[in-house]
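The sequence and the model are shown first.

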Amino acid sequence: FDGMRCAPAGCLPEGTGYSRIEKEMARLIAEQPLLEIRDLKKNYYGTAALKGVSLKIRKGMILGLLGPNGSGKSTLLKAVAGLVRPSSGSIMINGVKPSFQTKADVAYLPEIDHLYAWMTVREIMGFVAAFYPDWEMERAMESLRQLNLNPGQKVGSLSKGQRAQLKLLLALARRVPLILLDEPLSGIDPPSRANIIQMLITGYRDGEQTIICSTHQVGEMEGIFDEVLFLRDGEVALWDSAEKLRQEHGCSIQDLWGRVYH
């Protein structure tokens, strides 16, 4: 429809055909994937981290991004977040290349602990809220109460599990279509992992958001995955709906992980 101008909705003359065209445009927009990756490659000083990954990720689902260390999971998430530049290939988020513009559509939680230890929980929430107009403070405060975190406590005095929960809270409090989580359960004790998984379940806006979550804790997380993507040596080894993979291979996603990588 390049170069075509459409009349405002409600002002279309009868029998002009514009109504049909607008409906077709709406259908195409609705079918457009939230995230589309084509032949994505990334090299670090001659070493290939990604070797031609191609994906189409729809809106309104949770994708488990699985693979051993060095498989390319973190590089893929950073590329989508706009933190690393691909060597070749393309990434489109709602039809737009990663840029300042797409920052409004993506929340990224890195594996590293990026919180300032000298701030209180309340201060770090206010600090993050100042950057993002989509931040929902009421939602964040409700999560704080559910987690029993003290808003006046210094971040540096929180346990590792509490800091991990706070990091996830900061990501889920943004009203964005795409959330990227890099190993949110890494190094966390079982009770804290259970809290984080529960936060993901309750914080996920079904139908509105897509969450891509990389993890090594496959057994604990697989129950919330709609689709699962296995990366191996920078390439897609296996990708399908979680239920279809279980049925076709006759095993859990955790057991399938062992088959894919051994």
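This is a predicted model: local features need pLDDT of at least 70, side-chain atom pairs count only at pLDDT 80 or more; totals for chains, interfaces and linings use all residues.

The residues that line the largest pocket divide into 16 nonpolar, 1 polar and 3 charged. About 600 Å³ of space lies in the pocket. Its lining is made up of 20 residues, and those nearest the pocket centre are Y108, P110, H114, V128 and Y132. Two or more lining residues come from each of β5, α3 and α5 (160-172). Among the elements, β5 gives the most to this lining, with 4 residues.

Counting cavities of 30 Å³ or more gives 1 cavity. The volume of the largest cavity is about 60 Å³. The residues lining this cavity are L35, I37, L55, I57, L63, L65, L76, L77, V80, I212 and L229. By class, the cavity lining has 11 nonpolar residues, with no polar and no charged ones. At least two lining residues are supplied by each of β1 (35-44), β2 (47-57), β3 (61-66) and α2 (73-81). The largest share of the cavity lining, 3 residues, belongs to α2.

The table sets out the two spaces.

| Space | Volume | Lining by class |
|---|---|---|
| Largest pocket | about 600 Å³ | 16 nonpolar, 1 polar, 3 charged |
| Largest cavity | about 60 Å³ | 11 nonpolar, no polar, no charged |

On the surface, a nonpolar patch is formed by Y116, W118, F127 and F131, which together have about 470 Å² of accessible area. One of these residues, Y116, is located in the loop that runs between β5 (106-109) and α3 (121-129). With a relative accessible area of 39%, Y116 is partly exposed; membership of a patch requires over 30% relative accessible area, so Y116 passes this cut-off.

The backbone also calls for comment. Most residues other than glycine have a negative phi. N148 is not a glycine, yet its phi is positive, at about 60°. N148 belongs to the loop between α4 (137-147) and α5. The relative accessible area of N148 is 68%, and the residue is therefore classed as exposed. D233, likewise a residue other than glycine, has a positive phi near 55°. The loop that contains D233 lies between β8 (227-232) and β9 (235-241).

Conventions: Residues are numbered from 1 along each chain as its sequence is written. Side-chain values use heavy atoms; hydrogens and water are left out. Patches are made of residues with over 30% relative accessible area and no salt bridge: like charges are joined within 9 Å, nonpolar side chains (Val, Leu, Ile, Met, Phe, Trp, Tyr) within 5 Å. Accessible areas come from the Shrake-Rupley method with a 1.4 Å probe; for residues, only the protein chains shown count as cover. A salt bridge is a side-chain nitrogen of Lys or Arg within 4 Å of a carboxyl oxygen of Asp or Glu. Buried means under 20% relative accessible area, exposed over 50%, partly exposed in between (1.4 Å probe, protein chains only). On a 1 Å grid over the protein atoms alone, a cavity is a set of points where a 1.4 Å probe fits but cannot get out, and a pocket is an open set with protein on both sides within 12 Å along at least five of seven lines; lining residues have an atom within 4 Å of a point. Grid points are joined across faces, edges and corners, and a volume is the space filled by probe spheres set on the points. Ala, Val, Leu, Ile, Met, Phe, Trp, Tyr, Cys and Pro count as nonpolar, Asp, Glu, Lys and Arg as charged, and the others, Gly among them, as polar.
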